[in-house]
Amino acid sequence: MMNIHDFLDQKHGLCTGRVYMLIALFLFNALIPIGAVMTYLYSMTAALLIIGVIGTVACWAILSTPTKVQ
Amino acid sequence: MSDKNETMVDSRNSEQALKEREMLKELNGKPWLPRTLGYIKLSGPGFMNAAFTLGAGSFASSVTLGAAYGYEMMWIPLYSFAFGIFMLALAARFVCQGNMPVIEAQNKYHGRFFGSFATGLLAGCIASIVFTFGQYALGGDAIISMFAAFGIEVPKIVACLILLAISVPLSLLYGSGENPRAVKIVENSMKVMIGIMLVVFGAVIFVTGINIPAMVKGLLIPKLPSGLDGIVMLIASLTATIGVMDWLLFNNGMIARGFSKEYERLGRFDAFFGGLLPVTLVLSLVSVAFAEAFAGKQGIPTTSEELCAALMGVIPSAWIQAGFYLGVCALVVSSMVGLSVTCATSFYQSTKVPRNSKAWYHPLVVLAPQIGCLGVFFGKPVMIVVTVAAMQSLFNWISGNSWYLLGNDPRYLGKKVVGSRFFNLGILISISILNIVFVTFVMSKMGVWPA
């Protein structure tokens, strides 16, 4: 089974896992202000804001894993 | 080996760098106090960075936040720089452990769009030129107001020439960091300017008064501003305090000083002691002065003229008024020098133009941002500065992601890749701030907020 180091530092298709996770981090980060505007300015659901915050924390947890140097 | 690599090796082998390296080896083995005192003596790039960060953008942001929200938003510069310090520590890692300048490494591993284009030419050179207009606008008004305090009328052209006369020689002296001794002289000048800012803004606080419990609460407990204006101001403040230009200046300042692997600890110390502390202190003093002066009043200064005149009602002494304006001048001149240095160093790293201080084009490269002297003659530049600071966020996040990847790339740093989860987390939080600032900026331009 692939561990987290292998996922982050090996190429999967065009990019390494870290690049895909950075893209995911950007998308989750984007959900935070979008969700905040929907929740606080337009009194709509807070789901996007919550997904954004949880996703951001999850991406931080994964991306903060240091590279394994041989 | 490329020209840029040779530059790194040259500065590392300069007489001054070799002398400092011996001193540093000795210092690293000493107890805390003598080591700290020695580090203070050897510090420099951090002060350059602080002097650069303390400019018209961060000043205008602190003034408006202080005037509009009192003590409540004082956390913004502190937190912004505190998270930014992870990027500065990463820059120290690149310079001390890497084998090539960071823009060249970005070009090699991520492509020229991320390195030369986004980090070097856009965020380094073009932004330097744009930001200098705001520095001159505020500086020009400060000089005119300083003389007006004594009843002397000074034309704008004279104010412009005074600013040029101080910033051009210092910018040329530093150049793109060719001469470590000249670099040290400019760094010391920046320390003096920061000292002037602390003394004069401290004197202003002495007159306006200070609410210490409110200041401590405002500094440590984050509170979000309300309304569209508040959000735009938050974005501008976050990007005005620290962004890719600050990382570049710190990075290139360390290269110019010949930092090598023994220097990494000094680099991190310098980022904190020379960067975070002075920036937080000066911006806090400015915010406090305007929080006290504007408590319970309507109207926030929006032009550089209004900024300069805003405090005068509560400062009765002409000498303290002049001191305040002198502080503003020190603030903008130090940024003008930093902008010229950032422009020149980024330009040489991003292009194939050889770095040659005797070449005909060298003064043009160094002094390109000084075209901003035209800003002295503009009408309402403060909002331009705020807008450009917000636009800067567009490029910050591109470079931030690229730097994170380089920090974790053994091809660039070998075994010295970021080895700690905490270090990586700090970098990622900085990147998330940049991402959110970028998205919020785009949303504000799309008119997402109701009028």
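Two packed helices are described by the angle between their axes and the distance between the axes. Here the axes are lines fitted to C-alpha atoms over the stretch in contact, and angles run from 0 to 180 degrees between N-to-C directions. With that in hand, let us look at chain B of this predicted model.

**A helix pair in chain B**

Helix α8 (residues 113-148) and helix α16 (residues 318-350) of chain B have axes that come within 8 Å and cross at roughly 160°. Because angles over 145 degrees count as roughly antiparallel, α8(B) is roughly antiparallel to α16(B). The crossing of these two helices, α8(B) and α16(B), is left-handed. As for the residue classes, the contact of α8(B) with α16(B) brings together 19 nonpolar and 13 polar residues, with no charged ones.

**One residue up close**

Is B:Met146 buried or exposed? B:Met146 has 23 other C-beta atoms within 10 Å, and 20 or more make a residue buried, so B:Met146 is buried. Leaving aside residues up to four places away in sequence, B:Met146 touches B:Ala322, B:Tyr325 and B:Leu326.

**Chain B as a whole**

Stepping back, chain B contains 20 helices and zero strands. Of its 451 residues, 57% count as buried. Among the contacts in chain B with a separation of 6 or more, 87% join residues 24 or more positions apart.

**Where chain B meets chain A**

Now for the partner chain. The contact involves 22 residues of chain B and 19 residues of chain A. On the chain B side, α18 (382-407) and α20 (421-445) each supply at least two residues. Which helix gives the largest share of the side of chain B that touches chain A? That share, 10 residues, comes from α20(B). The two contacts described in this report can be set out by residue class:

| α8(B) with α16(B) | 19 residues | 13 residues | no residues |

**How confident is the predictor?**

For chain B, the mean pLDDT is 81, and 85% of the residues reach 70 or more. For the complex, the predictor gives an ipTM of 0.95 and a pTM of 0.85.

Key: Residues numbered from 1 in each chain as written. Chains lettered and ligands numbered in written order. Predicted model: local features only at pLDDT ≥ 70, side-chain atom pairs only at ≥ 80, totals over all residues. pLDDT = per-residue confidence, 0-100. Contact = placed C-beta atoms within 7 Å. Helix = DSSP H or I, 4+ residues; strand = E, 2+ residues; numbered from the N terminus. Parallel < 35°, antiparallel > 145°, perpendicular 65-115°, else oblique. Left-handed = near helix turned anticlockwise from the far one by under 90°. Nonpolar A, V, L, I, M, F, W, Y, C, P; charged D, E, K, R; others polar. Buried ≥ 20, exposed ≤ 12 C-beta atoms within 10 Å, placed from the backbone.
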